Amino acid sequence: RLQDLQSGAERCHRRRQQLQTQAEALTRERERADAELAQVAADITKQQPPFTPEQRQEFERAQREAERITSESSDNVRFVEAKIKAVCRMRARVERESRELKAKQDHFRQRIEDLAEAEAEAASVKEAQKRTADERARQLQRLQRESVEQAEEKGRLMKEREDIMKEIQDITASERQIKYEQKIAGITKDLIQMVPGVHGRMIDLCKPAQERLGVAVNVALGGYLYAVVTDISDGAKQCIRHLRERMQEAMTFLPLDRLRVQPLDRRVAELVRNRPTLRPALSCVTFNPRFARAFEFLMSDVIVADNLDEARSFFYDELQSRGLSCRVVTIHGETISRDGNMAISGDDTRQDRFNFAAIGEKKTRLDEIDRRMYQIHTLESTAGTNQAALQEEAMRSEARASSSRKALEQCQQELAARREDMQRFEEEIARLLPEAQRLEEEEAQHRQEQRGLEQQIGEVVRGHFAQLSAAMGVEDVAKLERDLRHKREELEAKQRVLEQRKGSIGAELEMVQQTLKERALRDPSKAISECEEQIKSLEDAKGRQFETAEAAQERLERLKAEVSSLQGVEREKERAAAKAGQEAREAQQRAAEAKRHLAALAAEAQELQQLRGDLVQQSVLENIRLPLLGDHASLEEELASDGGGGEGGEGPPTRDLEEVVDFGALPAQKRAVREGPGVALLEDEYRSELDRLGQELERLQPNMKAVEQLRELVEQAEGAAQSAAQARSDIEEVERLFEDVRDRRKARFMDCFSVVREQITVVYKRLTAGAAGRGSEGGSAYLDLEDLEDPFLGGVKFTVMPPAKRFSDVALLSGGEKTLAAMALLFAVQTYQRPPFLVLDEVDAHLDNNNLQALARYVAQSECQTIVVSLKDKFFSHSEGLVGVSRSASTETSVIFTADLDRFRQGQLVPAGGPGAPPGGSAA
C-alpha cells in the first residue's frame with residue numbers, strides 16, 4: 001500500500017509540477033497579453049487626427065460635402081467596410097475556436113499522458129493483485145489439503161482408537177486390576193531383590209504354549225496363579241515377615257523344598273495319549289525346568305480338553321469306569337473335579353491374566369493417540385482460523401484485483417474516449433486552419449478593395465480638403481484621417497483579439513488552478529505519512545516481538561542447557577543410586593548369608609544343648625548317677641524337675657555342665673583332649689562304647705524302676721478314668737445343647753428360606769413385568785441350597801431368568817439386572833419379617849427408565865414405609881413427600897425443605913407444614 005501511495009504521490013507530484021509550469025506559462029502569457037493590450041490602447045489613442053475643434057468642424061463639413069458628391073462610392077466603401085468587419089468577426093471566431101481547441105488539445109494531451117500512466121500503474125497493480133490473489137489461493141489450497149490430510153489422519157486414529165478400546169473391553173481388565181497387578185508385581189520385585197531364593201510369581205514364570213490355552217492354564221493353576229516360588233521354606237517365612245512388617249498385601253508362597261509332587265497315573269496318561277482332543281496340562285505351558293517342581297505340584301494331575309463334551313466323555317465314561325480320577329479342565333474354563341463335580345469360575349476364565357503387559361501397551365498407545373488427537377484438534381482450530389483469514393484475505397485480494405481490473409478498464413475506456421476526442425480536435429483544428437487562412441486572405445482582398453475605393457474618392461474630393469490640409473500643413477488631410485482610421489481599426493481588431501486571447505488564457509489558467517486545488521485536496525502525502533506511521537508502529541511492534549522472541553529463545557536455550565545439565569546430574573545420580581542399590585543388595589545378600597549361617601550355628605548349638613539336656617534327663621530317668629562336683633549335688637533334682645532345660649525342653653540347662661560335672665574319673669590323657677581331631681576320635685570311641693552298651697541293654701531289657709512306674713501308672717490310670725468319665729458326661733451335655741441349637745437354627749433358617757424362596761419369584765415377576773415389551777409377564781428368580789442336609793455348610797445359589805433371556809448366574813447379569821435381582825431378594829426377605837421402615841440409598845443408579853418405573857411402582861405399592869435417597873425425578877416423583885437440604889444465603893446455615901406431593905397432585909401448591917418424612921408411604 002505504501003508503494004502504491006508513493007507511486008501515486010510521485011505521479012501526482014509530476015502532474016502538479018506540470019500544472020504549475022503550465023499555470024506559470026499561462027500567467028506570463030496573460031501578463032504579455034495585458035502589456036500588449038495596454039500598448040494597443042495607447043496606440044489607439046495616438047491614432048487620432050491632430051484637429052482643433054474648428055478644424056474638426058471644417059473636416060466634418062468637408063467630409064459631408066465629399067460624401068454628397070461621392071455618395072455611391074461612399075456606399076461602396078461602407079459596404080466593403082461592413083464585409084471587412086464581418087470577415088474580421090468570422091476570423092476572430094475561427095481563431096478563438098482554434099485557440100480553444102488547441103487549449104483543449106493540450107489539456108487532453110496531458111490527460112492522455114496521465115491516463116497512460118494510470119493505465120500502466122493500474123496494469124501493474126492488477127498484476128500485483130493477481131499474483132497476491134494467486135498466492136492466497138495456493139496457500140488456501142495448501143491449508144485445505146493439510147486439513148483433508150489431518151481429517152484422514154484423525155479418522156485413522158479414531159478407527160485405531162475404537163479398535164484398541166474394543167480390544168481393551170474384550171480383555172475386561174479394569175484400571176483397578178491393572179493397578180493391583182502393578183502393585184503386586186512391584187512387591188514381588190522387591191522380594192526378589194531383598195530375599196535370596198525368591199524367583200517370582202507363577203504367572204511370570206510361565207507362558208501358555210498357545211494363546212487359546214490361556215484360560216485352561218488359568219483354571220489349572222487356580223488360586224496359585226499369583227503364588228511366589230521360593231527355593232526353601234525359610235525364604236518364604238522371611239518374605240511373610242517382610243510383608244507383615246510393611247503391612248502389604250498377603251501373598252501365597254511355594255517353597256520348592258517342601259512341595260510333594262504326585263505324578264499323573266500312568267493309566268490316565270495312556271488314555272490321554274490316544275485322544276488328540278486331550279492333553280496333559282503340563283504340555284500346555286512353557287516354563288524354566290528349574291521351576292518344574294512347582295508346576296508339577298499344581299498341574300501334574302490336570303488334563304486339558306478342547307470342549308466340555310470331550311471332558312465329560314473322558315471323565316465319566318473312561319476314568320470312572322476304570323476307577324481312575326484326575327482333574328479335567330476345558331479351554332473355555334469349565335472344570336470337572338476329582339469327585340466329578342462340574343463348575344466354572346468367572347474369575348479364572350479371564351484370558352487377560354496373561355495380557356497385562358499388552359493392556360499397558362494398548363493404554364500407552366491410547367495416550368499417544370489422545371495426545372495426537374489433541375494436537376490435530378489444535379491444528380484444526382488454528383487451521384480453521386488461518387483458513388478463514390486466508391479466505392477473507394483471498395476475497396479481499398480478489399476484490400482488489402477486480403477493482404484494479406475495473407479501474408484499468410475504466411482508464412482504458414476513458415483513454416480511448418480522450419484519444420477519440422483528441423482525434424476529433426485535431427480534425428477540427430485542421431479544418432479551422434484553412435478557414436482562418438481563407439478569411440485572412442479575404443480580409444486582405446477587402447482591405448485592398450477598400451483602399452482603392454477610398455483612393456478614388458480621395459482624388460475626387462481632394463479639393464474640398466485642400467484648404468484644411470494647407471492649414472494643418474499636411475499633403476492630404478483626408479488621406480491622413482483615413483490612414484489613421486484604418487490604423488485605429490486594425491488596432492481595435494487586434495485589441496479584440498488580445499482580449500479574447502486574454503479571456504481564453506484566464507479561463508485556461510482558472511481551470512489549471514482549479515485542477516491544482518483538486519490535486520492538493522487529493523494529495524496522498526497525509527495518507528503516506530499515516531501509512532508510514534502505521535508501518536513504523538508495526539515495525540516497532542515487530543521489533544519488540546522479535547526482542548521478546550529472542551529473549552524467549554535465549555531463555556529456552558538456557559532452560560535446555562539447565563535441563564541437559566540436570567539430566568546429566570540425574571543420570572549420574574541414577575548410576576550412583578543403581579550402584580548403591582547393587583551394593584545394598586549385595587550387602588543384604590551377605591547379611592542374609594551371615595544370618596542364615598548364624599541361624600544354622602544357633603540351631604546346631606541349640607541342638608547340641610538339647611542333646612546334652614536330653615542325656616542328663618535320660619540319666620536321671622534311668623537312675624544313672626552322674627559324677628557331679630560336691631557343690632552341685634542338687635543338680636539332678638533340678639534337671640529332673642526342669643525336664644532337662646527351659647520351657648518345652650528348648651532352653652539351655654540352668655548351669656553349664658562343664659562347671660558341675662566331675663571329669664576326674666577319666667584318664668588324664670582323655671581329659672587333656674579339648675580340641676582338634678582327637679576330640680572326634682574320642683567321641684567316636686565313646687559313641688561306639690555307648691552303642692555296645694545300648695545293644696546289651698536292649699538284649700537284657702532290664703527295668704530298674706518297674707514297681708515304682710507301675711504304681712504311678714495305676715494312679716494315673718485311675719485319674720484318667722475319672723477324668724474321661726467326667727469329660728464324656730460334659731461332651732454328651734454339650735453335644736445335646738449344640739444339637740438343640742443347631743436344630744433350632746436350621747428350623748428358623750428353613751422357615752425364612754422357604755418364605756423367601758416362595759416370594760422371590762413373585763417379587764421378581766412384579767419388578768420385571770413389562771420389561772421385555774407390552775404384555776410381558778416378567779422374569780423368574782430361584783433360590784437353591786447347595787447343601788440340603790446342612791445349609792450352613794454350603795451357600796445359597798441365586799439364579800434369575802430376566803424377561804426374554806436365559807437362566808444366568810447373578811454375577812453374569814448387567815448392572816441394572818443385578819440391581820433388580822438384589823431388590824427382589826431384599827423385598828422377598830422383608831416378607832418374612834417386615835421392618836418398621838426401609839431406607840434405599842441411590843439403588844436406582846444403574847437402572848434404565850423401564851426398570852426404574854417398575855421399581856418405583858413396587859415401592860409405591862409396598863406396605864412398608866420407605867425412605868428413598870435418589871437423584872432421578874422419575875423415581876422420587878412417585879413418592880408422597882420430598883425432603884431437601886439447602887443452604888441459606890442469609891444465615892449461612894443448612895435449611896430443610898419439605899413438600900407434600902399428594903397435595904401437589906391434588907392442585908394445592910402449598911409446601912408441607914413440618915420437616916421430616918410423611919407418616920406413611922414413601923419419601924424421597
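Which residues does Leu767 touch, not counting residues up to four places away in sequence?

**View 1. The whole chain, for orientation.** This is a predicted model, in which local features need pLDDT of at least 70, side-chain atom pairs count only at pLDDT 80 or more, and totals for chains, interfaces and linings use all residues. Numbering starts from 1 along each chain as its sequence is written, and side-chain values use heavy atoms, with hydrogens and water left out. The protein chain carries 23 helices and 18 strands; these are DSSP runs numbered from the N terminus, with helices (H or I) of at least four residues and strands (E) of at least two. Of its 924 residues, 30% are buried, where buried means under 20% relative accessible area, exposed means over 50%, and partly exposed is in between (1.4 Å probe, protein chains only). The chain exposes about 58800 Å², with carbon and sulfur atoms supplying 51% of that; the areas come from the Shrake-Rupley method with a 1.4 Å probe, and for residues only the protein chains shown count as cover. Take the contacts with a separation of 6 or more: 71% of them join residues 24 or more positions apart. Contact here means heavy atoms within 4.5 Å.

**View 2. Leu767 and the largest nonpolar core.** Back to the opening question: Leu767 touches Leu820, Met823, Ala824, Phe827, Ala854, Leu855 and Tyr858. The largest nonpolar core has 30 residues, and Leu767, Phe827 and Leu855 have the most contacts inside it. Such a core is a set of buried Ala, Val, Leu, Ile, Met, Phe, Trp, Tyr and Cys residues joined through side-chain atoms within 4.5 Å. Apart from it lies another core, of 29 residues, with Met202, Leu221, Ala294 and Phe295 among them.

**View 3. Helix H20 against helix H21.** The axes of H20 (residues 815–832) and H21 (residues 849–861) come within 12 Å and cross at roughly 10°. That makes the two helices roughly parallel to each other. On H20 the contact uses Leu820, Met823 and Phe827, while H21 brings Asn851, Leu855, Tyr858 and Val859. Sorted by class, that gives six nonpolar, one polar and no charged residues.

- Axes are lines fitted to C-alpha atoms, for helices over the stretch in contact, and angles run from 0 to 180 degrees between N-to-C directions.
- Angles under 35 degrees count as roughly parallel, over 145 as roughly antiparallel, 65 to 115 as roughly perpendicular, and the rest as oblique.
- Ala, Val, Leu, Ile, Met, Phe, Trp, Tyr, Cys and Pro count as nonpolar, Asp, Glu, Lys and Arg as charged, and the others, Gly among them, as polar.

**View 4. Two glutamates with positive phi.** Glu842 sits in the loop between E14 and H21, and its phi is near 55°. Glu842 is partly exposed, at 39% relative accessible area. Glu892 also has a positive phi, about 55°, and is found in the loop between strand E16 (881–887) and strand E17 (894–900). Glu892 is partly exposed, with a relative accessible area of 48%.

**View 5. Ser808 in strand E13.** Ser808 belongs to E13 (residues 808–809) and is buried, with a relative accessible area of 15%. Leaving out residues up to four places away in sequence, Ser808 touches Thr799, Val800 and Leu813. The C-alpha atoms of Ser808 and Phe798 are separated by 9.2 Å.
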